[in-house]
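Hello,

Here is the structure I promised to pass on to you. Have a look at it first, and then read my notes below.

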Amino acid sequence: MVSIIRFKDLESWKNIGKWVLVYGRRKTGKSYFVKNNVKWDKYYFVGRSGDIFVDDEKISYETFIREVVQSLENEKTIVIDEIQRLPEEFFDRLHNIGVKGRLIAITSTIWLTKELLGKRSPMLGLFSEFRMDIIDERDILLNLHDRIKDPKELIEYAVFLREPWLIPLWEETESFFDALPFNVKITVPALIGEIFTEEERQYSRIYDAILKAIANGKRISTEIASYLYSLRLIPAEDPSLVHPFLKILQNIGLIEKIKIYEKNKYYYRISSPIVDYYYYLDAKYGISEREIQFLQAKKVLEIKMPHYVEQFIMNLLSKIFGLWPEKIIEKEYEVDIALVDLKKLKAVVEVKWRKNITNEVLKEVERKLEKYNCRKILIVSNKGELPASSGKLEIWDVKKILEIIQGKTKI
């Protein structure tokens, strides 16, 4: 089995406090990360019914409380997985103990946003936060580049394998992308449903509808509000009614908010391509209610792949440069990626994820970007396949990107 080393998360972990809340969306590898990268003395798992387990042994709540208090007072390190399932009385106990020992709490629901960090929470201020999203773009490339030699395939696999739960599927199937549609139909609804199972049942239809709207191209809050109103999920066609839901989806890592350059406007997109893929298939073909047609699903993936690669590259370049990612949208044209320092434009980037890039395509990118007084970058899979060089553009390919994140080449 491929073991993915999360270099960036390990680096961030060095700077956390004694009590830390590890949170994020389901199936991002939070429990695996803590179990395998942190030294701990006791690991407790809390089941949905409230049962508490140490290894395979169930213990009583009274025993659990006694052990936790003693361990923390003796400066031990304990882990509580799914801490949100414990009764409120437990958090009062922790507050009374104060920050002693080391406590690592893991949660996957919106409990963090709705409860723990609420103004009345007795836990406010005791924990430092450690958000774990899907695998960092740089880390997935560093882990996969020795296994996938073709540069185009490397990026396309990396786009999806940032999801830890997809790695076994990649290892076990002969054709990963052919197997993808049938696996998303089962796993993605379960993944999303689990997030809102415990505290937010009454709102699950709203969240589901928002994700479907975004996947289907309704990217701004007015369009999303209109869609939800058409389904009678909100009482008025008012964007302010959807903003709280968008904020929660953003906080738990399901969606991203991207600014439009030099405009007081934003658009939303689903953070994970596999989640977007499922919701797009459901919006277009209703796959939640009927069988997936393989040829339809394959065609959709071919259409969506360049968009997923662009999203991957945008986030990757933002991290490489340490700049905000934005998008330029004008009446006559769009620029795929704008990298911004405060309000100053530092780089504009076009991503051309296709074979047989012609001279005319190169000239078109040059004309589009020539008006911007900053770095101008064209991203391709392999610059050796280009018909000509360009004196006006920096040409980056997958090989150059790998050299940058490996520290072999400067930006």
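Let's begin with one pair: in this predicted model, the side chains of E67 and K42 form a salt bridge, 3.2 Å from N to O (a Lys or Arg side-chain nitrogen within 4 Å of a carboxyl oxygen of Asp or Glu). E67 belongs to helix α3 (residues 61-73) and K42 to strand β2 (residues 42-46), so the pair ties together parts 25 residues apart in sequence. Across the whole structure, a search finds 22 salt bridges. Helices (H or I, at least four residues) and strands (E, at least two) are DSSP runs, numbered from the N terminus.

Next, two helices. The axes (lines fitted to C-alpha atoms over the stretch in contact, with angles from 0 to 180 degrees between N-to-C directions) of α6 (residues 137-144) and α14 (residues 294-321) come within 9 Å and cross at roughly 100°. That makes α6 roughly perpendicular to α14 (65 to 115 degrees). E137, R138, I140 and L141 of α6 meet F312, N315, L316 and K319 of α14, with contact meaning heavy atoms within 4.5 Å.

N315 and K319 turn up again: with R131, D133 and E256, they lie nearest the centre of the largest pocket, which 29 residues line. A pocket is an open set of points on a 1 Å grid over the protein atoms alone, where a 1.4 Å probe fits, with protein on both sides within 12 Å along at least five of seven lines; lining residues have an atom within 4 Å of a point. β8 gives the most to this lining, with five residues.

Residues are numbered from 1 along each chain as its sequence is written. Local features need pLDDT of at least 70, side-chain atom pairs count only at pLDDT 80 or more, totals for chains, interfaces and linings use all residues, and side-chain values use heavy atoms, leaving out hydrogens and water.

Best wishes

How values were computed. Parallel < 35°, antiparallel > 145°, perpendicular 65-115°, else oblique.
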